[in-house]
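Hi everyone, thanks for coming. Let me put the structure up on the screen, and then we can walk through it together.

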Amino acid sequence: IAARRSNHDEPVSSVQVAWVACVRRAARKRTDVKPFSKSKLERLAAQLPTLLSSSAGFRGLPESFADAGVALVYVEALPGAKIDGCAFMLDKTPIIALSGRGKRLDKVLWTLLHEVAHVILGHVSSEVLVESLDDHDETDAKENAADRRAGGWLLPTPLPTPPARIGAGWVDSVASERRLAPIVIVGQLQQSQVLDWRTTLARNAPTVTGVLETW
């Protein structure tokens, strides 16, 4: 299992094991998944950042993944699980699950891209890979490779140099040019420490929990 979780330096907890068991059960219920196609999944991954430029874009996403041969499921994070998503093989079918932890569109999108990257790069096997959404071991080659692939899908070219005072107008302009949700731009600037995590630009950020619950 390749799992994104915040307490990466601790042993996998019983709550996290229980969450993965729930994921496995949910995945078995999906009967519309076609044979896995790496090429289809790669094409879908490249489209995800623009397809998910609003919360509504998450609706119907499991069907798109099923067409590429991947079972995509949502299982709400269990209290104290501290897990964001996972990917594993069930027989010959890749499974990707999201817990919705973080709720913000850009955070859930990044987790999804990261898990897709693990599948594309062939990292998902019987080996257990434990990851942190916020901070992971920078010496972990598989983690860095997955982050690079996910980052390439999210931002094929680097963001322009921001002005000294970053306003909503600049963010909206860049987001429109890239066909991304503005919160994705804000999130990337927060991650690179250009913007503070308490910036007002992140207020009223779109959440995706309501849509994930329809899966």
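One term before we start: when I say two residues meet or are in contact, I mean that they have heavy atoms within 4.5 Å. What you see is a predicted model, where local features need pLDDT of at least 70 and side-chain atom pairs count only at pLDDT 80 or more, while totals for chains, interfaces and linings use all residues. Residues are numbered from 1 along each chain as its sequence is written, and side-chain values use heavy atoms, with hydrogens and water left out. Helices (H or I, at least four residues) and strands (E, at least two) are DSSP runs, numbered from the N terminus.

Let's begin with the helices. Leu-105, Asp-106 and Leu-109 of H4 meet Ile-183, Val-184 and Gly-187 of H7. How do the axes of H4 and H7 cross? They come within 8 Å and cross at roughly 75 degrees; axes here are lines fitted to C-alpha atoms, for helices over the stretch in contact, with angles from 0 to 180 degrees between N-to-C directions. That makes H4 roughly perpendicular to H7, a label for 65 to 115 degrees; under 35 is roughly parallel, over 145 roughly antiparallel, and the rest oblique.

H4, residues 105-120, has another partner in H5, residues 141-154: their axes come within 8 Å and cross at roughly 120 degrees. H4 and H5 are therefore oblique to each other. Among the residues making this contact are Trp-110 and Leu-113 of H4, and Ala-146 and Trp-153 of H5.

Now to the strands, which pair if DSSP finds at least two bridges between them. Strand S4, residues 93-98, is joined to S2 by 4 bridges, running parallel, and to S3 by 6 bridges, running antiparallel. Leu-98 of S4 stands opposite Tyr-74, and Leu-98 is also the bridge partner of Gly-85. S3 and S4 form a hairpin with 2 residues between them, and Asp-91 in the turn has a positive phi of about 60 degrees.

Is S4 enclosed or open? 5 of its 6 residues are buried, so S4 is largely enclosed by the rest of the structure. Buried means under 20% relative accessible area, exposed over 50%, and partly exposed in between, using a 1.4 Å probe and protein chains only.

Finally, look at Val-15 in helix H1, residues 14-28. Val-15 counts as partly exposed, at 28% relative accessibility. The C-alpha atoms of Val-15 and Ala-81 are separated by 5.5 Å, although the two residues are 66 apart along the chain.
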